[in-house]
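Hi,

Here is the structure I promised to pass on.

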Amino acid sequence: MATSCSLLSLTSAGALAPAAFCQGVRLRPRAGRQCTPPHANRLHSSGSSFCAAFSLPLSRRDDVTVMSATADGAAPQPRKGAKGHIDETLLTPRFYTTNFDEMERLFNEELNPHLKQEEFVAMLQEMAADYNQRHFVRGAEFRSAAEKLQGATRKFFVEFLERSCTAEFSGFLLFKELGRRLKKTNPVIAEIFTLMSRDEARHAGFLNKALTDFDLSLDLGFLTKNRKYTFFKPKYILYATYLSEKIGYWRYITIYRFLKDHPDRVLYPIFGKFEAWCQDENRHGDFLAAVLKSTPQDLKDWRAKLWSRFFCLTVYVTMYLNDVSRTTFYESIGLNTKQYDMHVIIETNKTAARLFPAVLDVENPKFQAGLDRLCDLNTRLKAAQKSGDPKWLRNLKLVPVVAGIAAEILGLYMMPAVEAGSTDIAPFEPQLMY
Ligand SMILES: [Fe+2]
Ligand SMILES: [Fe+2]
C-alpha cells in the first residue's frame, strides 16, 4: 500500500483513523482549501499498499494536515526509540479520507438494489474462518538473518519494510473506520470491513516487528494522529483499494514463487510468509470487486472506462518508479526489477480486466518504453531537486523535466485501451486462486 514531491501525487489504498484517534486533533486545510464537514470532524485516510492517484483530476479532494494537540501545547513526539515520521515523496503511501455518509448510502439495501447480500454473507463466512490466525509467527531466524544484512542491502530492506508497513497500516485505518461506520446500515458489510482491518493490522504489526530486527520501528499511533490525510470520493477509494489489493497479491505471490525456486536468495525469512499472506489480499480484492459491482454505473459507461484506465495507470506508474529507484532491494533477492514489475503489472491488468470496462494495453512494448522514459525523467527530477542551485535556477531546470513527465503520462494514458470487463458476479470461490 500506501503511497510527495512534485508531479505525481501517488497514493496507496486508503485508511481512516479510528474515532479514538480523532480526539483532540485539529484539521488544517491546505492553503485555499476548505475541509468540509463532516470530514473535518473525523480523520480519514486511505492508503494501501501500492495504489495511487494523480492529484489533479480528482474533483473533491482536500489535503488535510492532522495535528495532534498535547495538554501543555507542546509539539507531539513519537514514543521513545520509535520513528514518528515518514520521508514523504510523491510516491510514498498516503493516508486517505472519504465521504462516509455517501459510503453508508452505497451499502444501504433499501437505497442500493444492486447489493448482492447473499454473496457478501458467503464472503463474511470465508473471512471469519480466519485461515491465517496462526500464520504470522516469528522465530529466532528473523533476527539473525537481519544481522547478516549490511550496507546498501540493509538500507533498502529497511525501506521496503517501512513502506510496506505504512501501506498495510493505512488499509487497517480505512477498513476499521468503515467497519465502525457501517454497523447500523449493513452489519454484514461492516463485519467484513472489520475482519479486513484485522488482517491489515496483523500485516502491519508483523512488518513493524520485522523492523525491530533492524533496530527500528514505526510509531503507528503517532503517525495516525500526525500524518497528513487526503480526501477521495468513495468511488475513487473503491477503484484504488481494489487495485491496491490485487497488485499487492501479485507482488507478494511473485516474490514468494521466485524465492521458492531460488532458496539461496532468501536473505530474510519474511518472504516465506508471503504465500498465505497474499491470500488475505486476494480475498480483500474479491470483496472490493463485489462492492464495485454493486455500483454498476461505475463500471459501464465511458466515464468508467476513463477512470479505470486512469487508476490502472497511476497504480502501475507508481509501482514502477518506486521499484526501479530501489532496484538494489530486488536485485539483492535475485529479481530483475523491471522484469518483476512488468510481470506484476501484466497479471494485475489481466485481473482488473475481469472487472473494469477498459484497461491499459500493458503488453504493448510501447507501454514499458514509456515507463522507462518516465524512470529517466524521475531520476533527472530527483537530481535537480537535490542540486545546490539557487531556487530560481532549480525551478527553471525542472520545467522541461516536469513537462516531459506530463507528456509521457499523457502519452501512456492515450494509448489505445483494451476493452474489457463484465458486470456478472462470478460465484464466490473460497479456495486458493493464483
Ligand atoms: Fe495487507
Ligand atoms: Fe489487504
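Below is what I found, starting with a few conventions.

This is a predicted model, in which local features need pLDDT of at least 70, side-chain atom pairs count only at pLDDT 80 or more, and totals for chains, interfaces and linings use all residues. Residues are numbered from 1 along each chain as its sequence is written, while chains are lettered from A and ligands numbered from 1 in the order in which they are written.

Helices (DSSP runs of H or I, at least four residues) and strands (E, at least two) are numbered from the N terminus. Helix α15 covers residues 391–414 and reaches 34 Å from its first C-alpha to its last, close to the expected 34 Å (1.5 Å times one less than its number of residues). There is a bend of about 30° at Val399, with Pro400 following within four residues; the bend is the angle between axes fitted to the seven residues ending there and the seven starting there.

The buried residues of α15 are Val401, Ile405, Glu408 and Leu412 (buried is 20 or more other C-beta atoms within 10 Å, exposed 12 or fewer, partly exposed in between, with C-beta atoms placed from the backbone). Their cover includes α11 (302–324) and α14 (365–386), counting contacts as C-beta atoms, placed from the backbone, within 7 Å.

Elsewhere, Arg354 sits in the loop between α13 (337–353) and β5 (358–359). Arg354 is partly exposed because it has 14 other C-beta atoms within 10 Å. Arg354 and Ala420 are 66 residues apart in sequence, yet 6.7 Å apart in space, C-alpha to C-alpha.

Cheers

Note on methods. Contact = placed C-beta atoms within 7 Å.
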